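This report describes a single protein chain from its atoms.

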Amino acid sequence: MHFRKMAGVVLFSLFSSFVMAQKDYQPTPGNLEARQWFQDAKFGMFIHWGVYSVLGDGEWVMNNQHIDKKTYEKLPAFFNPIAFDAAEWVRTAKEAGMKYITITSKHHDGFCMWNTKLTDWNIVDRTPYGKDVLKQLADECHKQGIKLFFYYSQLDWYQNNYYPRGNTGHYSGRPEKGDWYAYLDYMDGQLTELLTNYGDIAGIWFDGWWDKKDADWRLNKTYSLIHKLQPSCLIGSNHHQAPKPGEDFQMFEKDLPGHNTTGFSGESEVGQLPLETCETMNHSWGFNLQDKNYKSTKDLVHYLVKAAGYNSNFLLNVGPMPNGKIQPEFVKTLGEIGKWMDRYGKTIYGTRGGPVSPHNWGVTTVKGNKVFVHVLDLQDTNLLLPDFGKKVKKAYFFDDNTPVNFQQNKFGTTLNIPQDKRKPYDTILVMEI
């Protein structure tokens, strides 16, 4: 089949499957291509950074410590990240094997990390640093070939027009009055800036809808604006529910798709869109001086592999320090993950969730006629895979191509995995079908 004709068939097939979840929203061919790229990319860096970093107590510090707006306004004077190096950040992500970066343009405290013209509550007007870090990062991402997503909080503890109040931010000392639709106009204006002044943006990562579930968020207007400004820009929202019309990917906070171990996904339903799970390297999103609960490299590799087995991307967070550096504990672990991805990335990038559903022992991923069996925790020397309707032609270890002894019958496929073939993080077998 001619390549262009084949590509058209693939895009139409993707369009047909996605449109079911999107109802009346019809993504452009460029948007569908972007979704396919997103699913192939598999691994990204999440960055939570703002004036809250100064206090070293996470991004919710304004709410959790009951800091009023007037007091919180003192923080930007202490935020002078002269050690920030966009090239270093992007290089760190690339060396970890990450294909995209998602950074907080505005978190719940309303502070803007770019030179917005719609409020002076931003890094250029309020800090001694006085520079647009999003512009620096966008330019460097474009230079180094990394896609850039902007996280944007729909929730805002600073703006008076975020009214009526939601479930959070009740200690800010704002007046009990405001114009909700003026706030939504403000939000749309800021999104217009972000999608006009920073080149190609791969996606908008919304958060905060859950603060006011019953409000009129005008999602159709906002989503239509985004797709008009940049049709290929992907929209996702961390609303912890089923996908809503106009969204292009679905994310899960601190959980694999379909799970609810952290309590965020009780109302969530796994839809038909590309999937992403996000997780922290310790317990915190924003910089937390006292949080030393660092996840091991092995644990994070397992999370990445499991996400791929669930047909999902893995967005791994760093919370840079107020001086602009990513803390060394994170850099060290990211480097170790990168070395693993250098060797085993072929079993992750460009794959989809495999034909065998995830189990306690591990997961499968698939690319073409190759099924990658990721054995993460196996107590025995034999692994029985339930029948998945395909004949296994041969099986071998990914590391050295040595054959794997296997038997296949109507009950499934049994693979023999001797102890001396086990790897520290993930023992990978390849089945050609």
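## Salt bridges

The count of salt bridges comes to 14, a salt bridge being a side-chain nitrogen of Lys or Arg within 4 Å of a carboxyl oxygen of Asp or Glu. The model is predicted: local features need pLDDT of at least 70 and side-chain atom pairs count only at pLDDT 80 or more, while totals for chains, interfaces and linings use all residues. Residues are numbered from 1 along each chain as its sequence is written, and side-chain values use heavy atoms, with hydrogens and water left out.

## Arginine 35 and aspartate 248

One of the salt bridges joins arginine 35 to aspartate 248, with 2.7 Å between the closest N and O atoms. Arginine 35 belongs to helix 2 (residues 29-41) and aspartate 248 to the loop between strand 5 (234-237) and strand 6 (250-253), so the pair ties together parts that are 213 residues apart in sequence. Helices (H or I, at least four residues) and strands (E, at least two) are DSSP runs, numbered from the N terminus.

Arginine 35 is buried, at a relative accessible area of 0%, and aspartate 248 is buried at 0% as well. Buried means under 20% relative accessible area, exposed over 50%, and partly exposed in between (1.4 Å probe, protein chains only).

Glutamate 88 and lysine 325 form a salt bridge through their side chains, at 3.0 Å from N to O. Because glutamate 88 lies in helix 5 (residues 86-95) and lysine 325 in the loop between strand 8 (312-318) and helix 11 (328-344), this pair ties together parts that are 237 residues apart in sequence. Both residues are partly exposed: glutamate 88 has a relative accessible area of 23%, and lysine 325 has 28%.

In the salt bridge between lysine 106 and aspartate 156, the closest N and O atoms are 2.9 Å apart. Lysine 106 is in strand 2 (residues 100-106) and aspartate 156 in the loop between strand 3 (147-153) and helix 8 (180-194), so parts 50 residues apart in sequence are tied together. Lysine 106 is buried, with a relative accessible area of 0%, and aspartate 156 is buried with 0%.

## Asparagine 63

Asparagine 63 is found in helix 3 (residues 61-64). Its relative accessible area of 13% makes asparagine 63 buried. Leaving aside residues up to four places away in sequence, asparagine 63 touches Trp157, Thr168, Gly169, His170 and Tyr171; contact means heavy atoms within 4.5 Å.

## The chain as a whole

The chain has 11 helices and 16 strands. For 433 residues, a compact globule would have a radius of gyration near 22 Å, and the 23 Å of the chain agrees with that. This radius is taken over C-alpha atoms, and the globule rule is 2.2 Å times the number of residues to the power 0.38. Along the principal axes, the C-alpha atoms fill a box of roughly 70 × 45 × 40 Å.

Of the 433 residues, 56% are buried. Among contacts with a separation of 6 or more, 69% are between residues 24 or more positions apart.

## Surface and charge

The chain exposes about 18400 Å², of which carbon and sulfur atoms supply 51%; accessible areas come from the Shrake-Rupley method with a 1.4 Å probe, and for residues only the protein chains shown count as cover.

The 48 positive and 48 negative charges have mean positions 6 Å apart. Lys and Arg count as positive and Asp and Glu as negative, while His and the chain ends are not counted. Each charge is placed at NZ of Lys, CZ of Arg, CG of Asp or CD of Glu.
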